[in-house]
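Colleague: I have a model open and a few things to ask about it. Can we go through it?

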Amino acid sequence: MTDTTQVPEPGGSSEGGKPRRGGKRGKKGPFGRLALFYRQIVAELRKVVWPTRHQLSTYTSVVIVFVVIMIAFVTVIDYGFTQAVKYVFG
């Protein structure tokens, strides 16, 4: 026996045809859409787990040290290539 369960398309309704629209959420003007956008931004920012001051200074220090190490690495590689090119091409 085979399973004939149908899975609806994402964003569509299970009754087929056109996608559903939420009750009162009809067409809004540009200012209504902009206000909704900013409300969603504020709602998402409230969900963020913000780092403490100690965590922030630790993360910042780690990033700065990593960047300094990478700068030193690239500088050494660049110097090495420069010397190799000078040796090969005179």
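Colleague: Is Lys47 buried or exposed?

Modeller: Lys47 is exposed, at a relative accessible area of 60%. Buried means under 20% relative accessible area, exposed over 50%, and partly exposed in between, with a 1.4 Å probe and protein chains only. This is a predicted model, where local features need pLDDT of at least 70, side-chain atom pairs count only at pLDDT 80 or more, and totals for chains, interfaces and linings use all residues. Residues are numbered from 1 along each chain as its sequence is written, and side-chain values use heavy atoms, with hydrogens and water left out.

Colleague: Which residue forms a salt bridge with Lys47?

Modeller: Glu44, with the closest N and O atoms 3.1 Å apart. A salt bridge here is a side-chain nitrogen of Lys or Arg within 4 Å of a carboxyl oxygen of Asp or Glu. Glu44 is partly exposed, at 47% relative accessibility.

Colleague: Where do Glu44 and Lys47 lie?

Modeller: Both are in helix α1 (residues 30–47), three residues apart, about one turn of the helix. Helices are DSSP runs of H or I with at least four residues, strands are E runs of at least two, and numbering starts from the N terminus.

Colleague: How many salt bridges does a search of the whole structure find?

Modeller: One.

Colleague: New topic. How many helices and strands are there in the protein chain?

Modeller: Two helices and zero strands. Helix α2 covers residues 53–89 and is followed by Gly90, whose phi is positive, near 85°.

Colleague: And what share of the 90 residues is buried?

Modeller: Buried residues account for 1% of the 90 in the protein chain.

Key
The expected span of a helix is 1.5 Å times one less than its number of residues.
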